[in-house]
Every structure is written in structure tokens, then in C-alpha cells.
Amino acid sequence: MYVGTLSFDLLLGDVRSLKEKRSVVRPIVAELHRTYAVSVAETGLQNLHRRAEIGLAAVSGDLTRLTDVLDRCERLVAARPEVELLSVRRRLHGEDD
């Protein structure tokens, strides 16, 4: 069994309130969950209206499949025009850990 996690640090575009922030972050979280069946949530920076941290986790019996899903999730977030992807932290945990 392999577990992969991603942590996205995002800079949001023209956002002036926490309500506007939710309207940008929620669709990204929902699309990741719906499209790739991963566990995903806003995990940090909740009090800052122009920054967001999204955490994602996936489990698979196949490392190649897991890596492919994480790559696709990263590309999906990077392609969103309303956010700037500042950094991504990826961690893979396997049976040997």
C-alpha cells in the first residue's frame, strides 16, 4: 500500500474577503475530489483572504498509479487561472516507511 500527499500553497487573484476566498477555493476542492476520488480540504491559512493551503491525500496499491493521480491533481490546480501556485509539497509513503 502506498499513500501520497500534496500540499498546495496558493495565491488567490482579485479576492477581497474571506467569502470571496471560499468561492474560489471550494470549487477547486470539489473538482479534485469529484474527478480523482482523493481526500482533499483547505488545511491552512484560513484567516488570510489572498492565500490558501489545500491538502490532498490518496491511497493506492500501485505506486505508478498513485504518482499519475498526484501529477494530474497538480496539473489541475496549476491550470486554474484564478490562482497562482506558489509551491507544492509532495510526499510518498510506502510499505518500507
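**View 1. Arg51 sits in strand E3 of this predicted model.** Strand E3 covers residues 51–60. Take a look at the side chain of Arg51, which makes a polar contact with the side chain of Asp9 at 2.7 Å. Asp9 is also among the residues in contact with Arg51 once neighbours within four places in sequence are left aside; the others are Leu10, Leu11, Leu12, Lys21, Leu45 and Leu86. Arg51 counts as partly exposed because its relative accessibility is 28%, which lies between the 20% and 50% cut-offs. For a sense of scale, Arg75 is 24 residues from Arg51 in sequence, and their C-alpha atoms are 19 Å apart.

**View 2. Helix H1 runs from residue 18 to residue 36.** Its 19 residues reach 27 Å from first C-alpha to last, close to the 27 Å expected. Which residues of H1 are buried? They are Lys21, Val24, Val25, Ile28, Val29 and Leu32. Their cover includes strands E1 (2–12), E2 (39–44), E3 and E4 (83–93), along with helix H2 (63–78). After H1 comes Ala37, with a positive phi near 55 degrees.

**View 3. Here is the largest nonpolar core, with 23 residues.** Leu10, Leu12, Leu32, Val38, Ile54 and Leu56 have the most contacts inside this core. E1, H1, E3 and H2 each give two or more residues to the core, and H2 provides the largest share, 6 residues. In soluble globular proteins, nonpolar side chains tend to be buried together.

View 4. Beyond neighbours within four places in sequence, Leu56 is in contact with Gly4, Thr5, Leu6, Phe8, Leu32, Val38, Ser39, Val40, Leu70 and Cys73.

Conventions. Residues numbered from 1 in each chain as written. Predicted model: local features only at pLDDT ≥ 70, side-chain atom pairs only at ≥ 80, totals over all residues. Heavy atoms only, no water. Helix = DSSP H or I, 4+ residues; strand = E, 2+ residues; numbered from the N terminus. Buried < 20%, exposed > 50% of the residue type's maximum accessible area, 1.4 Å probe, protein only. Contact = heavy atoms within 4.5 Å. Polar contact = N/O pair within 3.5 Å; in protein donor to acceptor, adjacent residues only side chain to side chain. Expected span 1.5 Å × (residues − 1). Core = buried A, V, L, I, M, F, W, Y, C linked by side-chain atoms within 4.5 Å.
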